[in-house]
4 protein chains.
Amino acid sequence: MAPVFEHQVSVRWRDTDALGHVNNAVYLTYLEEARDAFYLRVLGDPIYVVVRLEIDFRAEVRHADRTVRVEIAVERVGATSLTTREILRTAGGREAAEARVVTVRWDQDAHAAVPFNDEQRARLAEFAASPRTP
Amino acid sequence: MAPVFEHQVSVRWRDTDALGHVNNAVYLTYLEEARDAFYLRVLGDPIYVVVRLEIDFRAEVRHADRTVRVEIAVERVGATSLTTREILRTAGGREAAEARVVTVRWDQDAHAAVPFNDEQRARLAEFAASPRTP
Amino acid sequence: MAPVFEHQVSVRWRDTDALGHVNNAVYLTYLEEARDAFYLRVLGDPIYVVVRLEIDFRAEVRHADRTVRVEIAVERVGATSLTTREILRTAGGREAAEARVVTVRWDQDAHAAVPFNDEQRARLAEFAASPRTP
Amino acid sequence: MAPVFEHQVSVRWRDTDALGHVNNAVYLTYLEEARDAFYLRVLGDPIYVVVRLEIDFRAEVRHADRTVRVEIAVERVGATSLTTREILRTAGGREAAEARVVTVRWDQDAHAAVPFNDEQRARLAEFAASPRTP
């Protein structure tokens with residue numbers, strides 16, 4: 001079993017909206033915080049751009065939850081793109097959202113995508129998502 | 001040709017991040033602003049929850065763009081759910097993102113989904129997305 | 001009477017929090033949007049940093065307000081610093097907040113404050129705040 | 001010496017703006033996070049509104065700082081209002097901002113201020129700010 005990368009994020013009061021729960025756009029910020037930590041640990045820096053994102057919202061997060069936890073697993077590594085499966089859970093373990101996110105490593109100065117090298121591919125492979133069983 | 005609903009949103013300095021462009025999570029806020037306006041005009045109130053969202057990020061938005069424009073068309077109307085195709089364009093007309101969003105009308109007090117009535121279905125049908133031609 | 005600079009800002013759903021109104025930190029974003037527009041029009045660019053801010057929160061802003069309006073007047077011009085009096089009003093004209101803000105023009109590359117030139121001082125003087133009468 | 005309440009907040013990528021540092025309005029969110037924790041611990045709930053805020057911005061916070069720390073001390077307790085002195089520090093201990101904030105405990109249903117009781121006053125007194133020495 002490949003390990004899953006986990007990262008905890010604090011829920012801020014500012015994350016809520018007038019429906020009394022965390023606003024849907026903030027779920028992307030929670031995922032981003034975890035993904036930045038993943039990139040930093042596995043690839044050495046958190047500089048990338050998001051090119052595609054699919055997300056299913058499954059449950060509310062409320063300020064009273066205090067923290068959420070994001071699990072990240074690698075689904076696919078392309079030449080410059082990385083597809084991750086990202087699960088957002090409340091502190092109690094309930095699944096609040098599940099996302100599939102395609103990112104591309106980015107060179108800010110050259111304004112261009114950066115390919116993964118062999119060492120980075122090997123590191124990413126350690127976090128390969130387990131095949132889903134029916 | 002069904003009409004497309006259009007809504008303009010101002011780009012705020014606060015929408016940017018340290019990569020110098022509008023942060024990806026804020027694209028969802030731009031779409032939300034337009035969707036709220038769509039719900040308000042077509043259905044009478046903007047109370048709904050997002051249950052699924054797919055988005056392809058195609059181009060940067062920068063603060064210098066000043067405004068973005070969102071086009072919304074209806075792809076599918078379910079019992080309580082609405083699937084919209086949402087295109088985010090810079091003021092110059094360039095496509096910055098394309099999204100497909102599933103929302104459910106929401107009764108805050110009952111904490112339950114609200115079915116569309118016949119009149120609402122008729123109004124939504126006016127904004128039906130044109131079939132894509134290859 | 002010196003003219004007052006006015007700028008309108010749209011209230012976004014994302015600006016609210018779980019108390020059902022616009023979050024207090026977002027008032028600063030509304031002021032910032034107007035101040036950026038003021039800097040752009042009067043000084044040619046909106047690059048500055050905020051060094052001090054005082055704000056009295058007088059009334060709630062709600063999503064249903066749709067827009068707010070900010071009025072900016074110049075209280076004092078220093079060598080590199082500008083003190084503005086900024087009033088946030090709901091669309092209906094009610095005062096939601098009053099602020100005094102000290103900003104400094106900023107050179108991002110040099111990471112240093114930029115003095116106002118004579119032409120800029122003259123332009124700022126056109127927006128001088130009227131003395132308050134008791 | 002009265003103890004100072006301390007609270008740590010994680011810096012998010014989304015907190016930055018295109019100047020490459022944490023946006024000034026986000027400083028208020030950092031203070032709010034700490035103040036909520038203070039209210040929760042000392043008064044039992046974090047329901048209040050901000051009526052006045054003064055803040056001096058002293059230094060940049062950057063994403064690379066990872067965390068900031070807020071120190072809160074009580075300056076004055078009124079019938080329903082609380083004045084706190086709030087210092088924002090980078091992880092390294094550098095002062096990034098100093099604020100004085102007046103808040104009022106709030107009853108959401110009654111839409112009215114709530115007086116502090118004797119026990120709450122006693123608890124707040126434990127965090128009284130030390131007088132400043134020249």
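In this predicted model, helix α1 (residues 24–43) of chain A packs against helix α1 (residues 24–43) of chain B at an angle of about 175°, their axes lying 8 Å apart. Helices here are DSSP runs of H or I with at least four residues, numbered from the N terminus, and axes are lines fitted to C-alpha atoms over the stretch in contact, with angles running from 0 to 180 degrees between N-to-C directions. The pair is therefore roughly antiparallel (an angle over 145 degrees). On the α1(A) side the contact (heavy atoms within 4.5 Å) involves A:N24, A:A25, A:L28, A:T29 and A:E32, and on the α1(B) side B:N24, B:A25, B:L28, B:T29 and B:E32.

Turning to chains D and C, 24 residues of chain D touch 24 residues of chain C. Together the two chains bury about 2,000 Å², with 48% of that on carbon and sulfur atoms; buried area is the accessible area (1.4 Å probe) lost by two parts on being put together, summed over both. D:L19, D:R52 and D:F57 give up the most area on the chain D side, together 24% of what that side buries. The interface also holds 4 salt bridges, counted when a side-chain nitrogen of Lys or Arg sits within 4 Å of a carboxyl oxygen of Asp or Glu. One of them links D:D56 to C:R52, with the closest N and O atoms 2.8 Å apart.

As for conventions, residues are numbered from 1 along each chain as its sequence is written, and chains are lettered from A in the order in which they are written. Local features need pLDDT of at least 70 and side-chain atom pairs pLDDT 80 or more, while totals for chains, interfaces and linings use all residues, and side-chain values use heavy atoms, leaving out hydrogens and water.

Key: Helix = DSSP H or I, 4+ residues; strand = E, 2+ residues; numbered from the N terminus. Parallel < 35°, antiparallel > 145°, perpendicular 65-115°, else oblique.
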